Amino acid sequence: MTAPLRIALVDDEALIRSGFAAVIGAEPDLDVVAEGADGIDALAIARSGRADVILMDVRMPKVDGIEATARIAAELADPPKILVVTTFDNDEYVWSALRAGADGFLLKRTRLEDLLAAVRLVARTDALLFPEAVRRLAAAVPARTAPKGIGDLSDREREVLALAARGLSNAEIAAELFLGRETVKTHLSSVYMKLGVRDRTQAVIAAYEGGLV
């Protein structure tokens, strides 16, 4: 039997934490293992290795969610997945959190079933969470200088990255391009290295900022 996913909740509003804990804790495959009220708590939870996924508010006192996410991504070789939680889906704070290393985002008004699906998706699959929402965010934020390494991508790497940006998993990309899954993983690893990013979400962010998608 697969062990439950370990979830941590970090939000300065106790009512939000309680609501999420009640919903998530009722699921047999999810277990709320820690709670915190600011980014300092999030750092401590991440360092402890207790959580597989952290649901992190963006705007918090002391250390906000963006700074905490950046510190976690920089400090830990194998950090927990981070879902930032926000009120607005066009908030540049969310884009900054994704650029800092968050794996996706949720709206506080998200339906319960979508919240649970998002937690499972970000933890257990390699697909991009809410690709259409990420595209809307990319269109809404100010244009940025193209990331270094964009011009070094091969044509095949660009194809793979574009499909990842559409939300396709490695298996779906492999089927689309008639490649083996290991070949897709190799191409993505090369993309990460050339762009200087650590994961799929950050590579997609770089692709949007570089005008590839």
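Predicted model: local features only at pLDDT ≥ 70, side-chain atom pairs only at ≥ 80, totals over all residues.
Me: Why is F178 called exposed?

Reply: Exposed means over 50% relative accessible area, buried means under 20%, and partly exposed is in between (1.4 Å probe, protein chains only). F178 has 77% relative accessibility, so F178 counts as exposed. K62 is exposed too, with a relative accessible area of 73%. K62 sits in the loop between β3 and α3 (65–75) and has a positive phi near 65 degrees, though K62 is a residue other than glycine.

Me: What makes D57 a buried residue?

Reply: Its relative accessible area is 5%, so D57 falls on the buried side of the cut-off. D57 belongs to strand β3 (residues 53–57). Leaving aside neighbours within four places in sequence, D57 is in contact (heavy atoms within 4.5 Å) with V10, D11, D12, G65, V85 and K108. An unreviewed UniProt entry annotates D57 as "modified residue: 4-aspartylphosphate"; UniProt positions are given in the numbering used here, feature names are shortened, and annotations may be inferred rather than shown by experiment.

Me: How do you know that β1 and β2 pair, and in which sense?

Reply: Two strands pair if DSSP finds at least two bridges between them. Strand β1 (residues 5–10) and strand β2 (residues 30–36) share 6 bridges, in the parallel sense, so they meet that rule. One of the bridges joins V10 to G36 in β2.

Me: Why is the unit made by β1, helix α1 and β2 called right-handed?

Reply: A crossover gets that name if, with the strands pointing away from the viewer, the path from the first strand over the helix to the second runs clockwise. The β-α-β unit of β1, helix α1 (residues 14–25) and β2 is right-handed, so its path runs clockwise in that view.

Me: What makes a set of residues a nonpolar core?

Reply: The members are buried Ala, Val, Leu, Ile, Met, Phe, Trp, Tyr and Cys residues joined through side-chain atoms within 4.5 Å. The largest core here has 55 residues, and I54, M56, W95, L98 and L195 touch the most other members. Helix α10 gives the largest share of this core, 6 residues. A second, separate core of 19 residues includes F20, V85, A118 and V119.

Me: How do you know that the buried residues of α8 line one face of the helix?

Reply: In helix α8 (residues 170–177), the buried residues are N170, I173, A174 and L177. Seen down the axis of α8, they fall within an arc of 100 degrees, so they line one face; the arc is that of the directions from the helix axis to the C-beta atoms. An α-helix has 3.6 residues a turn, so residues three or four places apart point the same way. The buried residues of α8 pack against α7 (155–165), α9 (181–195) and α10.

Technical notes:
Residues numbered from 1 in each chain as written. Heavy atoms only, no water. Helix = DSSP H or I, 4+ residues; strand = E, 2+ residues; numbered from the N terminus.
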